[in-house]
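Please read them with the coordinates open.

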Amino acid sequence: MEEAEVWALLEQQKAVVADHFEAGGLHRVRRFEGFDPLIDPVATERLGTALAARLAGSYDLVAVWDTLDAAVLGYVVGRALERPVVRI
């Protein structure tokens with residue numbers, strides 16, 4: 001999955017808002033709102049496997065925050081990498 005496809009998927013899921021923002025003196029064109037992996041399982045699978053493809057061979061495990069959203073996306077990444085998922 002190309003980077004533009006990832007951004008399009010996140011925008012489609014309303015996980016990012018495309019606009020002009022200023023934060024800490026820096027200007028941004030996107031703001032991350034949060035990705036809910038339970039809304040669209042197909043999108044979650046696509047995003048998780050795309051993340052796993054970028055991380056392949058680099059890590060022994062997948063660490064995620066102790067939230068349901070992070071655990072679900074982390075599970076998809078961990079499954080694709082064939083690595084354990086640890087909630088912290």
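Predicted model: local features only at pLDDT ≥ 70, side-chain atom pairs only at ≥ 80, totals over all residues.

1. Which residues of helix α1 are buried? In this helix, which runs over residues 3-12, they are Val-6, Leu-9 and Leu-10, and because they cover an arc of only 95° around the axis, they lie on the same side of α1. What covers these buried residues includes the strand β1 (16-23) and the helix α2 (41-55).

2. The other face of α1, turned away from its buried side, carries the exposed residues Ala-4 and Gln-12. Just after the helix, Lys-14 takes a positive phi of about 60°, a backbone value that a reader checking the torsions may wish to look up in the coordinates.

3. As for the overall arrangement, the secondary structure of the chain comes to three helices and four strands, and when read along the sequence these follow the pattern α-β-β-α-β-α-β. The C-alpha trace spans about 40 × 25 × 25 Å along its principal axes. Among contacts between residues at least 6 apart in sequence, 42% join residues that are at least 24 apart.

4. On burial and surface, 28% of the 88 residues of the chain count as buried, where the cut-off for that label is under 20% relative accessible area. The accessible surface of the chain comes to about 6100 Å², and 56% of this belongs to carbon and sulfur atoms.

5. What is the count of positive and of negative side chains, and how far apart do the centres of the two sets lie? The chain has 9 positive and 14 negative side chains, and the two centres lie 1 Å apart.

Conventions: Residues numbered from 1 in each chain as written. Heavy atoms only, no water. Buried < 20%, exposed > 50% of the residue type's maximum accessible area, 1.4 Å probe, protein only. Helix = DSSP H or I, 4+ residues; strand = E, 2+ residues; numbered from the N terminus. Arc of directions from axis to C-beta. Contact = heavy atoms within 4.5 Å. Areas by Shrake-Rupley, 256 points an atom, 1.4 Å probe, with all protein chains shown as cover. Lys, Arg positive; Asp, Glu negative; His and termini not counted. Charge placed at Lys NZ, Arg CZ, Asp CG, Glu CD.
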